[in-house]
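Some labels used for protein structures rest on plain cut-offs.

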Amino acid sequence: MRLLNQSNGRWVIALTLLVALWLAIVPLPVWAQWGRPEFVAMVLVYWVIALPERVGIGMAWVVGLLQDIMEGSPLGQHAFALAVLAYLSLILYQRLRMYTPVQQAAVIFVLIGLNQLLCHWVETLTGTVSPNLLFLLPALVSALLWPLLSLFLRVLRRAYYVT
C-alpha cells in the first residue's frame with residue numbers, strides 16, 4: 001500500500017504543476033492580464049516548502065523550461081527565475097512552515113516579486129518590454145491568493161497521502 005501512495009504522490013505533484021502551467025496560458029480579458037497570478041511559481045513554492053526532499057531546483061528548472069516553451073518566452077527565462085525561487089524557498093522552508101498564513105503571504109509577495117523582477121530583467125535585455133512597475137502586480141495578486149492556494153494544496157496532499 002505504501003508503494004501505491006508514493007506513486008500517487010508523484011502523480012499529484014505533477015498534476016498540480018501541469019494545471020498551474022495551464023493556468024499560466026489561459027486567455028484573460030485585457031483588463032486582467034497585468035494582474036494574472038503566478039500560479040506556477042506559487043505551486044512550486046508550496047511543494048518545495050511541503051516536500052523539500054522531493055521537489056527542488058531541478059524540478060523548478062524543468063517546469064520553467066516548459067513554461068518558456070508554452071509562453072514563447074526566451075528559453076531559460078522562467079527556468080532561471082524558478083530555479084532561483086526554488087533555491088530561496090529551500091533556504092527558507094523551515095521558517096515558512098512556522099509562519100502564519102499572513103506572514104507566509106508577505107514572504108510570497110517578496111519571492112514572487114523577485115521572480116517577476118528576474119523575468120522582467122530578461123525581457124528588458126531582449127527589448128520586448130517597456131520599463132514600468134506594473135510587472136509587480138502579479139506578485140501582489142499571488143500573495144493575496146496564497147492562503148487559499150496553500151490550503152487547497154495541503155488538503156490535496158493529505159487526501160492523497162503525498163509524502
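Q: What makes a crossing of two helices right-handed or left-handed?
A: A crossing is right-handed if the near helix is turned clockwise from the far one by less than a right angle, and left-handed if it is turned anticlockwise. In this predicted model, helix 3 passes helix 4 in a right-handed crossing.

Q: Why is helix 3 called roughly antiparallel to helix 4?
A: Their axes cross at roughly 150°. Angles over 145 degrees count as roughly antiparallel. Helix 3 is therefore roughly antiparallel to helix 4. The two axes come within 7 Å.

Q: Which residues make the contact of helix 3 with helix 4?
A: Helix 3 brings Ile57, Ala60, Trp61, Val63, Gly64, Leu65, Gln67, Asp68 and Glu71. From helix 4 come Gln77, His78, Ala79, Phe80, Leu82, Ala83, Ala86, Tyr87 and Leu90. By class, this contact has 12 nonpolar, four polar and two charged residues.

Q: What meets what between helix 2 and helix 6?
A: Phe39, Met42, Val43, Val45, Tyr46, Trp47, Ile49 and Ala50 lie on the helix 2 side. They meet Ser142, Leu145, Trp146, Leu149, Ser150, Leu153, Arg154 and Arg157 of helix 6. The classes are 12 nonpolar, two polar and two charged residues.

Q: Which residues have the most contacts inside the largest nonpolar core?
A: This core has 35 residues. Those with the most contacts inside it are Ile13, Val40, Val43, Leu44, Trp47, Leu82 and Trp146. Among the elements that give two or more residues to it are helix 1 (2-25) and helix 5 (101-126). Helix 2 gives the most, with 11 residues.

Q: What does Trp146 touch beyond its neighbours within four places in sequence?
A: Trp146 is in contact with Met42, Val45, Tyr46, Ile49, Pro101, Gln104, Ala105 and Ile108.

Q: How do you know whether Gln116 is buried or exposed?
A: Its relative accessibility is 11%. Buried means under 20%. Gln116 therefore counts as buried. Gln116 has its place in helix 5. Not counting residues up to four places away in sequence, Gln116 touches Glu38, Phe135 and Pro138.

Key
Residues numbered from 1 in each chain as written. Predicted model: local features only at pLDDT ≥ 70, side-chain atom pairs only at ≥ 80, totals over all residues. Heavy atoms only, no water. Core = buried A, V, L, I, M, F, W, Y, C linked by side-chain atoms within 4.5 Å. Buried < 20%, exposed > 50% of the residue type's maximum accessible area, 1.4 Å probe, protein only. Helix = DSSP H or I, 4+ residues; strand = E, 2+ residues; numbered from the N terminus. Contact = heavy atoms within 4.5 Å. Nonpolar A, V, L, I, M, F, W, Y, C, P; charged D, E, K, R; others polar. Axes fitted to C-alpha atoms, helices over the stretch in contact; angles between N-to-C directions. Parallel < 35°, antiparallel > 145°, perpendicular 65-115°, else oblique.
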